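Thanks for making time this morning.

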Amino acid sequence: MTDSSVASVPVEKLADHVGQTVQLRGWLYNRRSSGKLHFLQVRDGTGIVQAVAFKGDLEPELFESLGHVPQESAMRIVGEVREDKRSPLGVEVGVHQAEVLSESEPFPITKKEHSTGFLMERRHLWIRSRKQHATLRIRARVMKAIRDFLDDRGFLAVDSPIFTPNACEGTTSLFEVDYFDDKAYLTQSGQLYAEASAMAFGNVYCFGPTFRAEKSKTRRHLTEFWMVEPEMAFADLNEVMGVIEDMVCYIVQCCLKDRALELQVLERDVEKLQAIQKPFVRMSYNECVEFFQQKGHPFEWGGDFGSPDETFLAEQHDRPILVHRYPADVKAFYAKRDPEDDKLSLSVDCLAPEGYGEIVGGGERATDLQFLLDQIEHHKLPQEAFEWYLDLRRYGTVTHSGFGLGVERVTAWICGSQHLRECIPYPRMLYRIYP
Ligand code: 4AD
Ligand code: MG
């Protein structure tokens, strides 16, 4: 039995306890043995540490049994924290006592290669693996950075609802649900409500899950993803581009500072992240199209950028690009028109470097009541469901702008992940709703 009165210390904090005897509670991740020694890799949720069991220090039965504990068995270990220069944590634990709290059945995920399908079926177990674990810890840091950034700048958190009577981003990707005797939709974006909140509170943000019935099976689309949507009263397109730039830089800095170990586990080239500095490249859609033509990249004016177009642009720069003034036809009904060219909208997308594509979409909102009424008709949207939104143009409307930043897109870019499915704990996709 272990002495449970010894203070238990999380793995990520062990380096503060060198020379002390501590209790470690976790699961056996891996083991290597050589004669008189068992090297137990123990994970506790905050990290993985090597616990070294030396034959000479332990009861013979205990030492023998530690050679057979199956992977993922829950354990309690009491031992001394020792400096270890070779460990990324800088420490290891010399085992004094150990106790198996629950012995695991043979764990399905082993060191051998598994197919993605096999791992996705076992996502609830896969998240214990080193790389998945590192990715999700980075995701959490991204989310904290977002909140800190906005809270510190005086943005008020005002949540938008998830059940909604109306479409925000077009009607093709709506999830319809029964709402008692009526129909409702799962929100595609909290923006329309964030606009109402901005007229009540000034600078606001909503932050939550959003839903899109994306029928396409791509690496960059989830049907459920998290988005933060800041909205600012009195701000124009230029101001909102400045906020996007500052926020993206801040998120990257926080991850570099507080998730260095995780980035190392993911073998991320951090130099590429260190290069993320202001100012970002700013190009209008028209300039992008001109650039494509100069370089012989096939693209026709008027269409939205596809993944190859975004990658082609991103390859030219080592920092994100703010593409502004897309054709109005490829943007949603609420986008304000460019006063200099009515075919264009005052919109902006932020494209991440290294081919990670669009991480932010936003812009200035239309303020003219009649224009919005025409747009609602043009997009064949039901006006009744938007009356509340139109009220915002009736009662003291002002210039306002905002954007949406996709948490998993940003996480994928920071982690260097090839697929969004690894950047959310339990991904929902076209053919995936289990576990
Ligand atoms: O560009 P989107 O569609 O913009 C909006 O929803 C606006 N209403 C936001 C606003 O202005 N308040 O989506 C914004 C971001 C994208 O740039 C991308 O990062 C992410 O949301 N995103 C997705 N992430 C994962 N899976 C999907 N299917 C996504 N669709 C959009
Ligand atoms: Mg977009």
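Let me start at one pair of residues in a hairpin. Tyr179 stands opposite Asp182 in strand 9. Before going further, please keep in mind that this is a predicted model.

The hairpin consists of strand 8 and strand 9, with 2 residues between the strands. Phe180 in this hairpin takes a positive phi near 55°. Strand 8 covers residues 176-179, and its pairing with strand 9 is antiparallel, over 4 bridges.

Strand 9, residues 182-186, has another partner. Strand 7, residues 163-164, is joined to strand 9 by 2 bridges, and these two strands also run antiparallel. On that side, Thr164 is the residue opposite Tyr185 in strand 9. Put together, this gives an open sheet of 3 strands in the order 7-9-8, with antiparallel pairing. Strand 7 and strand 8 are at the edges and have a single partner strand each, so one side of each is left without a neighbour in the sheet.

What is the strand order in the open sheet of 8 strands? The order is 6-10-11-18-17-16-13-12, and the pairing is mixed. Its edge strands are strand 6, at 156-157, and strand 12, at 281-284, and each of them pairs on one side only.

Within that order, look at strand 11 and strand 18. Strand 11 spans residues 224-233 and strand 18 spans residues 400-406; they run antiparallel and are joined by 5 bridges. One of the facing pairs is Ala233 with His400 in strand 18. Helix 5, residues 191-201, packs on this sheet. Helix 5 touches strand 6, strand 10 (203-211), strand 11 and strand 18, and its direction makes about 30° with that of strand 11.

Now a helix pair. As a reminder, two packed helices are described by the angle between their axes and the distance between the axes. Helix 11 is residues 369-378 and helix 12 is residues 383-394; their axes come within 10 Å and cross at roughly 160°. That makes helix 11 roughly antiparallel to helix 12. The crossing is right-handed. On the helix 11 side, the residues in contact are Leu369, Leu372, Leu373 and Ile376. They meet Gln383, Phe386, Tyr389, Leu390, Arg393 and Arg394 in helix 12.

On to charged pairs. Side chains of opposite charge can pair when their charged atoms come close. How many salt bridges does a search of the whole structure find? The search finds 29. I will go through three of them and then a network.

Glu72 is in the loop between helix 1 (60-66) and strand 4 (74-83), while Arg128 is in the loop between helix 3 (123-126) and helix 4 (130-152), so the bridge ties together parts that are 56 residues apart in sequence. Glu72 counts as buried, at 5% relative accessibility. Arg128 is partly exposed, at 27%.

Another is Lys272 with Asp269, where the closest N and O atoms are 3.4 Å apart. Both ends fall in the partly exposed class: Lys272 has a relative accessibility of 40%, and Asp269 has 37%.

Then there is Asp349 with Lys331, with the closest N and O atoms 3.1 Å apart. Asp349 lies in strand 16, residues 347-352, and Lys331 in the loop between strand 13 (321-324) and strand 14 (337-338), so this pair ties together parts that are 18 residues apart in sequence. Is Asp349 buried or exposed? Asp349 counts as buried, with a relative accessibility of 2%. Lys331, at 17%, counts as buried too, since the cut-off is under 20%.

The network joins Glu12, Arg137 and Glu262 through salt bridges that share partners.

To finish, some totals for the chain. The protein chain has 13 helices and 18 strands. Its C-alpha atoms fill a box of roughly 85 × 55 × 40 Å along the principal axes. Of its 435 residues, 53% count as buried. Among contacts between residues at least 6 apart in sequence, 66% join residues at least 24 apart.

Conventions:
Residues numbered from 1 in each chain as written. Chains lettered and ligands numbered in written order. Predicted model: local features only at pLDDT ≥ 70, side-chain atom pairs only at ≥ 80, totals over all residues. Heavy atoms only, no water. Salt bridge = Lys/Arg side-chain N within 4 Å of Asp/Glu carboxyl O. Buried < 20%, exposed > 50% of the residue type's maximum accessible area, 1.4 Å probe, protein only. Pairing = 2+ DSSP bridges. Axes fitted to C-alpha atoms, helices over the stretch in contact; angles between N-to-C directions. Parallel < 35°, antiparallel > 145°, perpendicular 65-115°, else oblique. Left-handed = near helix turned anticlockwise from the far one by under 90°. Contact = heavy atoms within 4.5 Å.
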